[in-house]
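User: Hi, I'm new to this one. Please walk me through it, starting wherever you like.

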Amino acid sequence: MKRQIPLMIVVILGSMFVVHTFVPHKISADFFDWFQDWIKAISPFAILLGVISLSMVNGTKIKRKAPNWQYSVVTLIGLAFTAIAGFVWGTQTGTPYMWLFKNVQMPMGATMFSLLAFYIASAAYKAFRARSTEATVLLIAAVIVMLGQVSLGAMISKWIPITSKWILNVPNLAAKRAIMIGVGLGMTATSLKILLGIERTYLGGGK
Amino acid sequence: MFETISNFVAAFLTLCIFSFLYKDNPFYKFAEALLVGVSMGYAIPLLFENVFMPYVYTPIFLDHKFIIIIPALIGSLYIFRFTKNLSWLARYPITFSMGIVGMGIPMSLHSSVLVQMRSAMLPLASINITLIFIGTVTILLYFFFSKAHKGIYGKVTNVGIWFMMIGFGASFGYTVMARISLLIGRIQFLLGDWLGLIK
């Protein structure tokens with residue numbers, strides 16, 4: 001029963017929403033609005049999972065003096081200090097909370113993503129070394145698109161920005177459209193599997 | 001003075017992250033651990049203000065919609081995920097969220113399949129429209145695995161691979177440009193805002 005009742009809730013609610021899409025009667029529309037209020041009330045508690053999980057993982061590391069446990073202390077202090085700053089001084093501009101966002105989180109996040117510029121360059125080098133025709137086509141398309149976005153491309157040849165635009169509007173569009181259709185069919189199939197009770201991994205393990 | 005200290009903190013943490021380009025080191029590990037903690041800490045008050053207050057606290061305590069106590073109680077069952085004997089209770093908030101999947105079937109079928117197919121089925125009036133049509137069909141054929149990719153069929157799916165490679169190349173190029181743009185932003189911050197070497 002610990003698995004069957006949740007499964008039945010998903011099947012019944014899911015079927016009702018399929019019907020609601022095709023038969024938008026007032027009763028079903030009212031039920032949908034009511035259900036949305038419930039979902040919004042349930043959703044904020046999900047962050048408890050993240051906070052407790054992060055605290056438990058790092059707390060256990062500190063307790064057991066695992067390798068690099070000192071960094072877990074940094075994580076927990078960062079977590080506690082930022083959250084407390086938000087609750088005590090508020091989240092408006094000019095508060096310690098926003099100072100932490102502007103001078104700690106945002107610079108580190110942006111730098112972390114900018115590091116990928118270096119690793120992407122090395123990935124491109126490896127792809128070129130693969131020396132297959134397909135890899136070469138990928139790299140040529142990438143170089144043309146990159147040059148087409150900056151003024152250097154137009155300085156080299158007037159055809160580079162034109163070709164870049166053509167790549168984006170024609171073969172790229174065809175690839176994205178076909179992949180989108182595949183993704184849509186995959187989403188529909190997975191949703192149907194959930195609705196019919198075939199896909200049950202969201203229930204987790206155990207009895 | 002305060003701005004100088006703020007810039008110094010941001011610059012120090014930026015350099016800590018950049019130090020990973022040399023190799024994994026204690027400065028990078030420190031910044032990485034701090035980023036994880038601060039990011040999670042940042043989300044908590046935001047979620048509290050933007051979701052918990054308007055959808056849980058206000059309806060129950062100010063609007064006196066006491067029915068909202070039920071979903072709030074269901075939501076709080078998430079914490080039982082960490083217990084051994086009662087972890088099954090955490091399935092209830094998940095199942096209520098999964099119920100919305102029923103809406104996903106017609107929506108994904110409409111937006112990702114039907115609309116895309118309609119856009120692909122245009123009169124083949126120009127070379128570009130013809131190429132887009134050929135590209136879409138050959139890529140879809142490539143993902144049809146019930147038939148071996150041999151002979152003429154193999155050649156057709158090979159055309160699909162070429163279209164996909166050009167598409168992936170374009171995405172790759174865009175991603176590189178986005179990352180380089182971020183890198184330029186960080187370099188501008190270090191040389192401009194922090195060191196004042198560039199205006």
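## Getting to know the two chains

Analyst: Let's start with B:I17. Setting aside neighbours within four places in sequence, B:I17 is in contact with A:M108, A:T111, A:M112, A:L115, B:Y28 and B:A31. Contact here means heavy atoms within 4.5 Å.

User: Before we go on, what am I looking at?

Analyst: This is a predicted model, where local features need pLDDT of at least 70 and side-chain atom pairs count only at pLDDT 80 or more, while totals for chains, interfaces and linings use all residues. Residues are numbered from 1 along each chain as its sequence is written, chains are lettered from A and ligands numbered from 1 in the order in which they are written, and side-chain values use heavy atoms, with hydrogens and water left out.

User: Got it. Which residues of the largest nonpolar core touch the most other members?

Analyst: In that core of 25 residues, they are A:V104, A:M108, B:I17 and B:L34. At least two residues each come from α4 and α5 of chain A and from α1, α2 (26-62) and α7 of chain B. The largest share is the seven residues from α2(B). There is also a second, separate core of 20 residues, with A:L13, A:F17, A:F35 and A:F45 among them.

User: What counts as a core, and what are those α labels?

Analyst: A nonpolar core is a set of buried Ala, Val, Leu, Ile, Met, Phe, Trp, Tyr and Cys residues joined through side-chain atoms within 4.5 Å. Buried means under 20% relative accessible area, exposed means over 50%, and partly exposed is in between (1.4 Å probe, protein chains only). The labels number DSSP runs from the N terminus: helices are H or I with at least four residues, and strands are E with at least two.

User: How much do chain A and chain B bury between them?

Analyst: About 10,000 Å², with 81% of it on carbon and sulfur atoms. A:W38, A:M108 and A:R177 supply 7% of the area that chain A buries against chain B, more than any other three residues. Buried area is the accessible area (1.4 Å probe) that two parts lose on being put together, summed over both. In terms of contacts, 106 residues of chain A meet 104 residues of chain B.

User: Let's pick some single residues. Is A:T75 buried or exposed?

Analyst: A:T75 counts as buried because its relative accessibility is 4%. This residue sits in helix α4 (residues 69-89) of chain A. Apart from neighbours within four places in sequence, A:T75 contacts A:L54, A:N58, B:A33, B:V36 and B:G37.

User: And what does A:Y71 touch?

Analyst: Not counting residues up to four places away in sequence, A:Y71 touches B:P26, B:K29, B:F30 and B:A33. A:Y71 lies in helix α4 of chain A, and it is buried because its relative accessibility is 18%.

User: Where is B:P71 found?

Analyst: In helix α3 of chain B. With 0% relative accessibility, B:P71 is buried. Leaving out residues up to four places away in sequence, B:P71 touches A:W38, A:A41 and A:I42.

User: What about B:G167?

Analyst: B:G167 is in helix α7 of chain B and counts as buried at 1% relative accessibility. Beyond neighbours within four places in sequence, B:G167 is in contact with A:N172, A:A175 and A:K176.

User: Last topic: how much space lies in the largest pocket?

Analyst: About 360 Å³. Among the 18 lining residues, A:M98, A:W99, A:K102, A:N103 and B:S6 are the closest to its centre. α5(A) gives the most to the lining, with seven residues.

User: How is a pocket defined?

Analyst: On a 1 Å grid over the protein atoms alone, a pocket is an open set of points where a 1.4 Å probe fits, with protein on both sides within 12 Å along at least five of seven lines, and lining residues have an atom within 4 Å of a point. Grid points are joined across faces, edges and corners, and the volume is the space filled by probe spheres set on the points.
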